[in-house]
Each structure stands twice: as C-alpha cells, then as structure tokens.
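What is written below is what I looked up, in the order in which I looked it up.

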Amino acid sequence: MPPRFVVAVTGGKGGTGKSFVATNIAVLMSRHVELTLADLDVEAPNDHLLLGLQGLENEEPIAIFFPIIDYKKCTACGACAKVCDTGAIVMAKGTPPMVMPRLCSGCKACLYACPYKAIDPEGRRVVGYSYSTLVKRGGGFRLITGILREGEEHTPPAIVVAKQRALKETPSDAMLIVDTGAGTGNGISAAIQEAELVIAVTEPTPLGLHDLRAILEIARGMEKRIWMVINKAGIASHEKHLETAKEYGVEKVFLVPYDPEAAKIYARGTPVVEECPSCEASKALNEIAQSLLVEALEKGVRRK
Amino acid sequence: MTAPEIKPPVELVVASGKGGVGKSTLTAVLALTLAEKGYHMVAVDADAEAPNLHLVLGVTQWEKVDDVYEGRLAYILEDKCTRCNLCAEECAYGAVEIKDGKYVINPYICEGCLTCSLVCPPKAIRYKFRVKSGEIRVAKTGYGFTLVSSETMPGRPNSGKIVTEAKNKGKELLGPSGVLLVDAAAGIGCQVISSLTGAQLSILVAEPTLASLSDLKRIHKLTKHFGIAPMLVINKYDINQDVLPLIEEYAEKENIPIIGKIPYDPEVPKALATNKPITIYSPDSPAAKAAKKIAEYVADEVLPQWRTWWAKYRPKKPEPYVPVVLRPGQITSTRER
C-alpha cells in the first residue's frame, strides 16, 4: 500500500529553495503527523545538511542491472549491441561485445534480446547509495537520501531505486514528502510520479519563471494538483509568475519573503523554523505546512 | 583588441554542482569581457533542462532553431494487452502505470529503451519514433558574440546528448581557434558529464553554505576524472562567515586556485529581472566590480597561457572512473569513501 498522501517539492531551476522548503515543512508537519522525507536530488543531495545531521545511516547500495556476458555462450551475433540505446555495448567487427559500464543505463534490453541467454540476469552495478536516517527535529521523522556516485551519469534509474525505498519504508497511513533535484528531465518526472500534489518552488526572476513553466508543463501533463511557492519574494517582481500560476491551474500560491536572517541560518545547516520561528520566512513556511496539514488529516494520515 | 589567438580552441566550463549559486550570472560577465577584449569566443548554454543564459544575455530572438528528433516513446495497444504486468516489473524507469485497470506508459518518464516490448508476451507494445527531444538554438547576442543554447522538451530523457550536440555546434561555429565558454547545469549527471568531456579548464562556483560545499566536492571529483584544471569563484562570499573558511580550506588542500570572491548584492536579482548582465545593468555595484575583476583575470592571466595554467592545476593523475560491478551472488559492497 502506498502512503496515504504523497507530496513532491520541485521547481526546475536550481537554487530556488526546493530543499529549504521541503526540510522546513517536514520539520513543522512532523510535530503533528507521521511522515517521511525523501531526498531524491541524487546528484546534489543536501537535505541532511540543511537538517544539520552528523551522518547518514542504514546504507544500501543502489544496484541496477548490468550485463555480464558469458563469452562461452556468446556467438557475437550482435543482437545486444543492436538494441542498446545508450551505446554501452560496443562490437568491433567479428569480436564479442564489450560493455562500457558508464554508458549502461541498466535497462535490460540486451538481456531480453540475446537469443543465446549469454547474459546473466543477476549482474548488477552500484550507481549510488541510499540511506534511511531518523531525524530528531520537529516531532521526529525519517529521511531517505539517494546519492549518485560521482562519475555515474544515468540519474533516473538511481532516483527510481531510492524512491522505491522511500515508498517501502513509509507506513501506509503516513505521508511522504519528496524533494527533487533541479531540472525538467524524466528523472524529475520519475521522482514526482506517485505524488498527488506537486509544490513548485520558484524565484521572482525571469530565469525562475522560464524553468517553472517547464515543470508546470510536466505536472499538468501528469495530471497533478499544483501549488506554487515564490521564494525570495520581494527581490524582483513576480507578477508574471502569478499569471503563469493561473494559466496552469495552480490551486494555491505562497510567498516566502527574502529574509537575510533566514539565509544565514540556512547556510549553517539548521531549519529556520526551529532557529528563528518569528522570522518572516518561518511565518510563510508555517502557512504552507498548515495548509498541507489540513489536507493530510483529511486523508487520514496518522496523527502523532 | 590585444587578445591572443588560441589555437586549437580551449574549452572553459563554468560548473558548481549546486544550482542557483550564480553560474549564468558569472558566465555572462565572462563572455562580455572576453568579447570586449577581442577574444574569438562562442558561449554554450549546457543546462538543457533549465536553460537560462539567453535570458541573462537578453536574447529574445533566435537566428536558427534546430529540432533534435532522436527519442523513441513506447505505448501499449490496449486490445492486445493481457495485463500480465511483465513490462511494469522490468521497466528500469518505472514508466509503466496502471490507470483505471489499463496499462499505460508515462510519456514524461519513458526513455524508449525497448525492454518492455522485448518482454511483452503478446507483443502489445509499439513505439513512436523520431520523437522531438529538444532544440539547439543559435543567436547573435547584442554584445557581439554568438550563443548556442540547448533545451530538452519537458520530461524527456538524455539531456546529455543534446548538450553534446550543442557543444559540437559551438565548436563548429568557433572554427579552428578561440574559446568555447560552457555554462553547465546543476548536478553531476549526464548533462554535466557531457559539459566537462573534452574541456581543459573549469571555473567552479560555490557559495558559503554547507550544501554548496558538499556539491563543490562532488563536481570537483568529476573535474579530476576528466583531467581538467579547476579554478574557484566564491559567490555571495559574505553571507556566512562560518562556512567561508571551510570552502577556502578545501580549495587550499585540493590545490584549487581561488580566482575571486563576489559579495552578496541585491542588484544581481534586479539585473536578472531586466535581462541584462550585472556589469551592464549596474556596472558600479559591488557584485559587478568583483565579477568583472574575475573575468579580466581569466582574460588577461589565465587564457593567454592556459597550457601553463592547465599543467599547473590539473590533477597529476586523472582519477579514473571505476565502476562497481557486482557479480551474481555478491550482495553488497562497502562504500568507497
């Protein structure tokens, strides 16, 4: 059974405050309901740093399929190289296929294309690690973190494996908050896949707006309900962001004002809602958490 | 116009791991300065999933837009599907969804890898071929140089391939000499790897936050894989005095020259809002002055003798990429760092 309420925090542009919003609302909401936070920004995971954790616990390798060829069975027919979409299987004329690990996305097409069953279905490659750590902030909650190994380039399969762990470790009567990376590719779609509600975090610049539209395009295409957070509000005009929100049927728009005090607290890795509850940013984050809490309780997410 | 001819061309990549630390703002100032000094230069926006450099440079019209059609998208024929669930079990991307009892493939997730059609017993899976995966765009900026930009369609995979194409386009326009200035994406995945492949120099941008430091270490490790000489710029250096020394210590330990620091400056977002580089919008602002100084240093001190610079700061031995392959029966591995 999937968790009762899944919310994804995303935004397109980097540095708009996705992790800032996700960690702070997790701290606030965990005082009232059971929840898990999943950091699926596997290329640059930072939620544990923003929560001031000393270390991550319960490591598991993110192991995806990797073709290990049995050259006794291989006839060098070329079927595997032909179906490989990423160019990971190379064959010089008349020689058996060779696999380039970095290029392999672990999709298994070669495994099923091989007529001689020369590829071992159990071969795996570790592209990263996932962690499950108990966070003792707010009312306490679990943090799942996915980390891609430096040098690996196929992010989406790693996101999928980390997400599956988060779904497995979240009780069915709890809620799951997913924090995604920057970007608008299919790794982001995979991260938000189970979410009913997408919170798009943006900033009041044309850059934020441009990337926001791409994310809203995906969220609308995937039939998600959408809320929007305009972070660092006040540093420039956000009028066009509001127009865009209307265009994409965004249900709610929240403004988190630019707050130098909050920025300082963020920099050293403590949640602003705990360190400075009276800060302007904290008040705005509280408002978001309250609105989410109403939804969570309506859906029967377990109270603490 | 005293800029030296750089032959063959040199590739300089601006990267950071973390997003929003000021890559595009700095790249724009660099590009303007190099152009001003007479360098033959092409700028490439290699953040295909969230391209923004054209906005900083005030580009409103493209001279040329080439569609990239290379994607493949799977779909399921409902009347042939026996709901055996094999495709859903085998898709590495989790793209197969069950909606109202029907199996459908999420077009924002599917990579077109063929696996589902190979495992489907009733052969119920077909493909749309030549799906548009993105665009490569070229514009002459108002500042006298050419910008090549790349953009993937929302939810499409393989942004790294588009980045490679954009870079190739940039190299073609550059010709046999000059500077290819690449603005990389956030992260360390395929787009960033495509940006770094073939580059000699890299400017890493960090801000004094623990998050940025963590991501800096990751992007720096990648530059070591590729034998690139890194330089460091610390942006918004004055927002946190506790974390700043940690970044400086890391740079010193790792032999990364710090080529400048830029203060936090509220003029920067205002400049972005007007689609102008900070040195044009507010040339006397502290951030503009600092960024300009960095750009001049790169133009006057680094690029004219980039080979010496490269020899001095690139890793003596590139750190090889070592895959962690688990043979059948091997359950786990220990983390390597």
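I began with the pair of residues in which B:Val13 has B:Val182 in E8(B) as its bridge partner. These residues belong to strand E1 (residues 10-15) and strand E8 (residues 179-184) of chain B, which pair in the parallel sense over 5 bridges; strands pair if DSSP finds at least two bridges between them, and strands (E, at least two residues) and helices (H or I, at least four) are DSSP runs numbered from the N terminus.

I noted that this is a predicted model, where local features need pLDDT of at least 70, side-chain atom pairs count only at pLDDT 80 or more, and totals for chains, interfaces and linings use all residues. Residues are numbered from 1 along each chain as its sequence is written, chains are lettered from A and ligands numbered from 1 in the order in which they are written, and side-chain values use heavy atoms, with hydrogens and water left out.

I then read the open sheet of chain B, where 9 strands with mixed pairing follow the order E3-E6-E7-E2-E8-E1-E9-E10-E11. Its edge strands, each pairing on one side only, are E3 (64-76) and E11 (258-262).

Next I looked at E10(B), where 7 of 7 residues are buried (under 20% relative accessible area, with exposed over 50% and partly exposed in between, 1.4 Å probe, protein chains only). E10(B) runs parallel to E9(B), joined by 6 bridges, and B:Ile203 stands opposite B:Met231.

On the other pairing, E10(B) and E11(B) are parallel over 4 bridges, with B:Ile234 opposite B:Lys261.
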